[in-house]
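Have the sequence and the model open side by side as you read.

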Amino acid sequence: MLTLLRANRHLRVLTVSRTISVVGDALSLVTLMLHVQSVAGKAIAVAALLLVGDFAPSLLSPVTGLISDRFDRRTVMIACEVAQCALLAVIAFTLPPLPILLVLVGVRAMLGQIFIPASRAAVPSLVAEKDLPRANTVLGFGSNSADVLGPLLAAGLLQFMSTRGVLLVDAVSFGVSALLLLRLPKLIVPGEPGGSVFTDVKEGLGAIWHGRALRIVFLGFCGVVACTAIDDVAIIQLSKDTFHASDSAAGVLLAAVGIGLLAGFALLARGATRIGMVALLVTGFVVSSAGNLLTGFAWGVAAAFAVQTVRGLGIAAMDVAHSTLIQRLAPADKVGRVFGNFYGGIGVAAAIGYIGGGLLLDAVGPELTFVLTGGAGVLVAVWVVAASPGRGVEWESAS
C-alpha cells in the first residue's frame, strides 16, 4: 500500500484529499447532530438531519453520477469541495433555524454524492489496471480511517471551541482538499455523453441493468446492506438490554466493526492483487453477514466484540471488490453513472434495512434479529454464487 502511494503521486493526492474530505464530513455531522439536539431537544429533529444528509441525496444518484461522466472529473471534484466549503461557512456564521439548516445540509450532501462517483471513477485514469485493487484498498483505508477520526476530532475540538468554530475548521478542510486536487491532471472522460440528460441517465441505469455482471454485483451488495443495516441499532440493544453492559461497553462494541474494517484494508493491501475480485466480493458478503448471524449467539460483550471485528474484515473485502469490479466492468464513459447509481441504491437499501430491521427488532429482540438478518445476508451471497458461473456472465473488463 505504501509502495503504491510513494510511486504514484496522483493517487497520493487523491487519497489525501479524500481522507481530509471524509474527516470533514464526519466532523460536521457530529457537530450538527449535537447542535440540533441542544437547540431542538427532539430526537425527530436529529433523525431529520440524518435523513437529508444520507438518504435524500441517494434519490438523485442517476443525475449526480452523470455529472462526472459529462465533465472533467478533476474539475467536478474541485467544484464540489469549494461549494461545500462555502456552504459550511454560511452554516457556521448564521447557524440558521432548523428548516433552513436541513436545506443547506441536504445541498451539501448532494455535492458529496457528486464527489464520490467522480473520485471512484477517476482511479482507473491514475493507476494501471493491475493496480486497481491496491488503489481501492488505499482509498478505502484512508476514507474509513477518517470516519473513525472525524467524531474523535469533533469531540476534542468541541471541548474548547464553539459550534461555529468547529464548523469553520470543517469548512477549511474542504478548502484544503480542493487545493490538493489542483495537483491532479485533467481527467477527461473518453467518449463524453452528448445526448439529453434523460437519455444519458437512462443509459447509466441500463449499464447496470443490462450488464449481467454489474447487475449481480449491484443486487448482491444492496441485498446484503438491506439485510444488515440495522446492526448498529441492534448492537446497542444487545449490549444494554441483553448483556446489561455500560454505555462505554456499548461504544466499544460499536467500534469493533471499524477496527476490523481497518485491519481488513491493511491485510488486503498486501494480498489484494492475488485474489479474484468476484471471490473477494462473495467472501465479503459471507463474512459480514455471518458476523451478524453469530453475534446473535454471543454470550457476552467480549464474544460479540470478537465476532463484530471479524465482520469488519468482510466489509473491507466488499469495499475493495465492488469498486474494482465496477471500474473494470463499466464502460469508461459510464463509470461515473454506474458508481452514482450504485451508491444511490445502497442508500435506498439501507433505508429499507433501517425500517424493516427496526420493526423486526421491536418484535423479536436483538438476538433473533441478528440471526435472521445475518442469515438472510448469507442467502444473498449464496444467490450471487448461484447466479454467476455457467450462465453467460462476463466478468472481463469492458475496455
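## Helix α8 and its cover

In this predicted model, the buried residues of α8 are Gly165, Val166, Leu167, Asp170, Ala171, Ser173, Phe174, Ser177, Ala178, Leu180 and Leu181. What sits over them? The cover includes α2 (9-40), α5 (73-94), α6 and α7 (132-157).

As for the helix itself, α8 runs over residues 163-181, 19 residues in all. From its first C-alpha to its last it reaches 28 Å, close to the 27 Å you'd expect at 1.5 Å a residue.

## Arg120 in α6

One of the helices covering α8 is α6, which spans residues 98-126 and holds Arg120. Is Arg120 buried or exposed? Its relative accessibility is 9%, so Arg120 counts as buried, the cut-off being under 20%.

Its side chain has a polar partner: the side chain of Asp319, at 3.5 Å. Setting aside neighbours within four places in sequence, the contacts of Arg120 are Asn136, Leu139, Asp319, Ser323, Gln327, Phe339 and Tyr343.

Leu95 belongs to the loop between α5 and α6. Have a look at its backbone: phi is near 40°, a positive value in a residue other than glycine.

## α10 against α16

Next up is a helix pair. Helix α10 (residues 212-228) packs with helix α16 (residues 366-387) at an angle of about 170°, the axes lying 8 Å apart. That angle is over 145 degrees, so α10 is roughly antiparallel to α16.

On the α10 side, the contact is made by Arg212, Ile216, Leu219, Gly220, Gly223, Val224, Cys227 and Thr228. From α16 come Thr373, Ala376, Gly377, Val380, Trp383, Val384 and Ala387. Sorted by class, this contact has 9 nonpolar, 5 polar and 1 charged residues.

## Leu281 in α13

Last stop: Leu281, which lies in helix α13 (residues 277-295). Leu281 has a relative accessible area of 2%, so it is buried.

Which residues does Leu281 touch, not counting those up to four places away in sequence? They are Val217, Phe221, Met318, Ala321, His322 and Leu325. Ala363, on the other hand, is 82 residues from Leu281 along the chain, and the C-alpha atoms of the two are separated by 32 Å.

How values were computed. Residues are numbered from 1 along each chain as its sequence is written. This is a predicted model: local features need pLDDT of at least 70, side-chain atom pairs count only at pLDDT 80 or more; totals for chains, interfaces and linings use all residues. Side-chain values use heavy atoms; hydrogens and water are left out. Axes are lines fitted to C-alpha atoms, for helices over the stretch in contact, and angles run from 0 to 180 degrees between N-to-C directions. Helices (H or I, at least four residues) and strands (E, at least two) are DSSP runs, numbered from the N terminus. Angles under 35 degrees count as roughly parallel, over 145 as roughly antiparallel, 65 to 115 as roughly perpendicular and the rest as oblique. Contact means heavy atoms within 4.5 Å. Ala, Val, Leu, Ile, Met, Phe, Trp, Tyr, Cys and Pro count as nonpolar, Asp, Glu, Lys and Arg as charged, and the others, Gly among them, as polar. Buried means under 20% relative accessible area, exposed over 50%, partly exposed in between (1.4 Å probe, protein chains only). A polar contact is a pair of N or O atoms within 3.5 Å; within protein, one must be able to donate a hydrogen and the other to accept it, and residues adjacent in sequence count only if both atoms are side-chain atoms. The expected span of a helix is 1.5 Å times one less than its number of residues.
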